[in-house]
Amino acid sequence: MESRSSSREIVYTGCCRGGKIILPQRRAFSKPLQQLVRFNGDSRSNKFMRLIREYNSLFAFTSLGVDVDKSINTNGGLYVFHINGVVHHRIGSLVPPPGKRPEYAQLYIHDTANEIQNHLNIFSSEGEGVPDPHIVSNLIAMLNENNPLVQKFRMAQDRLLSPDAPNIAIKLCGTVDAHGDRYCAPSSSELAALLIGGSSPEISSFDIVVETQASHLKPVSPIHPTLMALQYPLLFPYGEPGFHTSIKFAETNGRVGDRDEVSMYEYYGADLHYRLGQPNPALCCSRLSQPYQVNAFSCVEANKLNFYNFNQDLLRCETYQGISDAIGHGASTGRDVGVKKTLPASHIGGKRYMQQNYHDCLAICCAYGPPHKFTTFTCNPKWPEIAEAIRCESGQKPSDRSDMVVRVFHMKLEEYLSDIKEGRVFSPVRAVAHTNEFQKRGLPHSHILVWQSDTGRGQTAEDIDKYISAELLDPKVDPLGFSLVQEFMIHGPCGHANPSAQCMKDGKCSKRYPKKFRSDTTFDQDGYPLYT
């Protein structure tokens, strides 16, 4: 969001570029799925929501190749979907190789008489970890009726069952036509075509041809229109197309810079933005919405890296052209010989980005000396603004709506930084630097350094006591302060009282609790304060 200084008019840019991005409105879930995703306290619905990722994997056409960090959800608390490495999406053949069990898209073709059991065979555990066969049957019927991608695979299955079965393949179109309408997305039926008898129509480099049998998996590009519909059929039960390169800005609002196409980052920013009264399945499916959002971000990052890879000349990157050039640049090993791919300083998280911000902080230290204050700003999921933002979707928790949590945190952080810079928190300041991080449980927090303008001496214990108190307030004198400290600033229990606490490492509290009682604030040998 930004404000135009002339008229003080608020313009929303993070969701729709000030009205330049207009996407088709999502359709509401059909009745079977709509009843399951409701947070109405029904035990059947609650179990479905706990296993919604497993249910989605039953119907996914593509595999999600990524290292999922499961250790983060071992000690209770909020559910977090955390991945490492590069994300790959792959699709196999229509029919599994002889002796192999059918997987992913093959389940729509192979042995459909026992389709429900074939889906359930993916899971070997017993008890609550196994999906309900009745729910699986209802979801199969729903997808057969509403999803054009499923219908194409069913058509291929019917052809393969015929006595004189021809050579069958399915083409997943990687490019779409805009039909002259800048706002209209292509229909789902235009994203897949059935190829019969070895016919070879025009196939672009972005198209994916799923053959009857193949010895290798085929990758699905992050810019393929059917990527998300193939990976998350429960979020896209109607097979709606996702991002593609033919999405244009609205004509009435002109261009953005020198382009008229919506970028992938802008598309997902608009797609994942909540709008009152408009259904958005990508935001209401709890444990399935998180993988979709993480997957969307990984696609955006992969798209950026591809752009940097193919546009090194535009970035004015230096390259090693041979052994002599490498030696001239000081390289002593052969690993530096060849062409280097360089990320610009504008790429968040890249090496040059980190170095540039690090050098900026060092320059501030050279000008004003070491920082005088270090403060943290932590997100509280119980903030009334967050509760009000998710109130429109009954039953949702802050852990289900990370978009609202981060948005409220960002606005409050900007207010806090404004108070610091204007001298309302501490005395007048010269400079402020901060970095944002995410805790293991997904909540954001910020570390802030402050350089004050009127500090000509070192910090004393009296200065520390003005801002920090490590004691419980009297509940009779200050009941509100006592309740706040008790709820947000008490560590534990851990140690012998709770050996399985998240802070426990090698049988000890990693935060060094319990602390020793002190009558006065002092400093340790490294200059860190030891609070009263």
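This is a predicted model: local features need pLDDT of at least 70, side-chain atom pairs count only at pLDDT 80 or more; totals for chains, interfaces and linings use all residues.

Modeller: Happy to! The chain has 532 residues, and 37% of them count as buried. It holds 15 helices and 15 strands.

Now for the part you asked about. Three strands make up the open sheet, in the order β9-β11-β10, and their pairing is antiparallel. At the edges are β9 (373-378) and β10 (429-438), each of which pairs on one side only. From one strand to the next, the twist averages 20 degrees. If you follow β10 alongside β11 (residues 444-452), you will find nine bridges in the antiparallel sense.

Next, the helices. Helix α13 (residues 402-421) packs on the sheet and touches β9, β10 and β11. The direction of α13 makes about 10 degrees with that of β11. Helix α11 (residues 351-368) lies across β10 and β11, and it runs at about 150 degrees to β10.

To see side chains where helix and sheet meet, turn to Phe-377 and Tyr-416. The ring centres of Phe-377 and Tyr-416 are 5.1 Å apart and the planes are at 20 degrees; planes under 30 degrees apart count as stacked, so this pair is a stacked one. Phe-377 belongs to strand β9 and Tyr-416 to helix α13, so the pair ties together parts that are 39 residues apart in sequence. Are these two residues buried or exposed? The cut-off for buried is under 20% relative accessible area. Phe-377 has 15% relative accessibility, so it counts as buried. Tyr-416, at 17% relative accessibility, counts as buried too.

There is one more ring to look at while you are here. The charged end of Lys-373 sits over the ring of Phe-426, 5.7 Å from the ring's centre.

For comparison, here is a pair from elsewhere in the chain. A search of the whole structure finds 14 aromatic pairs. In one of them, the rings of Phe-236 and Tyr-292 have centres 5.6 Å apart and planes at 65 degrees, so that pair is edge-to-face. Both Phe-236 and Tyr-292 are buried.

Methods
Residues are numbered from 1 along each chain as its sequence is written. Side-chain values use heavy atoms; hydrogens and water are left out. Two strands pair if DSSP finds at least two bridges between them. Helices (H or I, at least four residues) and strands (E, at least two) are DSSP runs, numbered from the N terminus. Axes are lines fitted to C-alpha atoms, for helices over the stretch in contact, and angles run from 0 to 180 degrees between N-to-C directions. Contact means heavy atoms within 4.5 Å. Buried means under 20% relative accessible area, exposed over 50%, partly exposed in between (1.4 Å probe, protein chains only). Rings of Phe, Tyr and Trp (its six-membered ring) pair if their centres lie within 6.5 Å; planes under 30 degrees apart count as stacked, over 60 as edge-to-face and the rest as tilted. A charge sits over a ring if NZ of Lys or CZ of Arg is within 6 Å of the ring centre and within 35 degrees of the ring normal.
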